[in-house]
Amino acid sequence: MSASISKLLERARPEILAMQAYSSARMEAGQATIMLNANESPWAPAGSGDSELNRYPDPQPKALRTRLAELYDVAVEQILVGRGSDEAIDLLVRAFCHEGRDTIAISPPTFGMYAVAARTQGAAVIETPLAADFSVDVDAMLARITDSTKLVFVCTPNNPTGALVPLATIERLATALRDRALVVVDEAYLEFADGAMSATSLLGTHANVAVLRTLSKAHALAGARVGTLIAHAEIVALLRRIQAPYPIPALCVDAALAALSPQGVAQAQERIAVLLSERGRLSRSLPAAAGVLAVHPSSANFLCVRFADAQKTYKALLALGIIVRDVGRYPGLAGCLRITIGSPQENTAVLGALGLQEVAA
Ligand SMILES: *Cc1c(COP(=O)(O)O)cnc(C)c1O
């Protein structure tokens, strides 16, 4: 275990490995009661309640980190909290990829931020298209990966196809790339995958696996920007060196802790159950609509639907005030729209707009 993390860490950029993390004033506060080390105002701003908004927030808010560790069933040291999982993607690319030399690997069509983060950093993107059934082609991926490949992103359930990637696929990648590349498993939609097991179950045996989770989807907190990277403690420590000094605003920490209270989690679970039932209703009803060619099986809170004339459908929905995502520009998704599962009323509006009467559950 420890041997394999040290080899993997050597794959990070040497200048980052040599760096000290920025030691913020807030981190040095310790037991002090008179805090005169951060040039903060001694008074809370108007209307801030108990939030101590005059103080810089804890860089890795302890209560939130602890709660997230419980929620995801991992050790606190394995948790990095960030400004959405988007920030974790960016930190990983910046920590591992040397500009102009290193690469990341993805299987399109998939979430766009991996390639955006890589291109921003000047890292090339090695693309291995998904198979026709939207499964990850591990052999083709491994054949394209080179010594310059530092990160391999696997999104499960995948956005925008909705397909779940079996853990065995992720394990094969991790085993083949041991000591060479970090396999980053983006589980932004795992809560919708009918109890599918998280890749965190591989962390004990594979130091080169990292998992991304987010509160933005199933926990209804997209506006608060709270994402989590779960990885070996040394990867977490590495990324902390280059993370912004105070990434999580205090108000967002409060909102996240409230949403993750026992009542908050119970409410999220009820809503997930509603969304899964609604996903079933839409999947069963949509094939009967004129112009629908295929409804791809989904383990997420959206459906990827292929239409005979996606542009026409997109415009017809828009004319009724319904906006969906046109994903037709992605390879393999020509003619597809990605439709988020909304409230029961919203979904009924979609079915109505497509000329379907209410279909009994
Ligand atoms: C929505 C989404 C995210 C974004 O998560 P944030 O925590 O809101 O940054 C990450 N990955 C995938 C695949 C997503 O679809």
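Trainee: Which are the buried residues of helix H3?
Mentor: In helix H3, which covers residues 62-72, the buried residues are Leu64, Leu68, Ala69 and Tyr72. Buried means under 20% relative accessible area, exposed over 50%, and partly exposed in between, with a 1.4 Å probe and protein chains only, while helices (H or I, at least four residues) and strands (E, at least two) are DSSP runs numbered from the N terminus.

Trainee: Why do they line one face of the helix?
Mentor: Seen down the axis of H3, the buried residues fall within an arc of 135°, so they line one face; the arc is that of the directions from the helix axis to the C-beta atoms. The face turned away from that buried side carries the exposed residues Lys62 and Glu70.

Trainee: And what do the buried residues of H3 pack against?
Mentor: They pack against strands E1 (79-82), E6 (209-214) and E7 (227-230), and against helix H9 (250-259), where contact means heavy atoms within 4.5 Å.

Trainee: Before I go on, what sort of model is this?
Mentor: It is a predicted model, in which local features need pLDDT of at least 70 and side-chain atom pairs count only at pLDDT 80 or more, whereas totals for chains, interfaces and linings use all residues. Residues are numbered from 1 along each chain as its sequence is written, and side-chain values use heavy atoms, with hydrogens and water left out.

Trainee: You mentioned E6, so where does arginine 213 lie, and is it buried or exposed?
Mentor: Arginine 213 lies in strand E6, and it is buried, with a relative accessible area of 9%. Its side chain is joined to that of glutamate 191 by a polar contact of 3.3 Å; such a contact is a pair of N or O atoms within 3.5 Å, and within protein one must be able to donate a hydrogen and the other to accept it, with residues adjacent in sequence counting only if both atoms are side-chain atoms. Not counting residues up to four places away in sequence, arginine 213 touches several others, including Tyr72 and Ser85.

Trainee: Switching to the ligand, which residues come nearest?
Mentor: Of the 13 residues around the ligand, Ser85, Asp186, Thr214, Ser216 and Lys217 come nearest, where near means that a heavy atom of the residue lies within 4 Å.

Trainee: How far is arginine 225 from an oxygen atom of the ligand?
Mentor: A polar side-chain atom of arginine 225 lies 2.7 Å from a ligand oxygen, and a backbone N or O atom of aspartate 86 lies 3.0 Å from an oxygen atom of the ligand.
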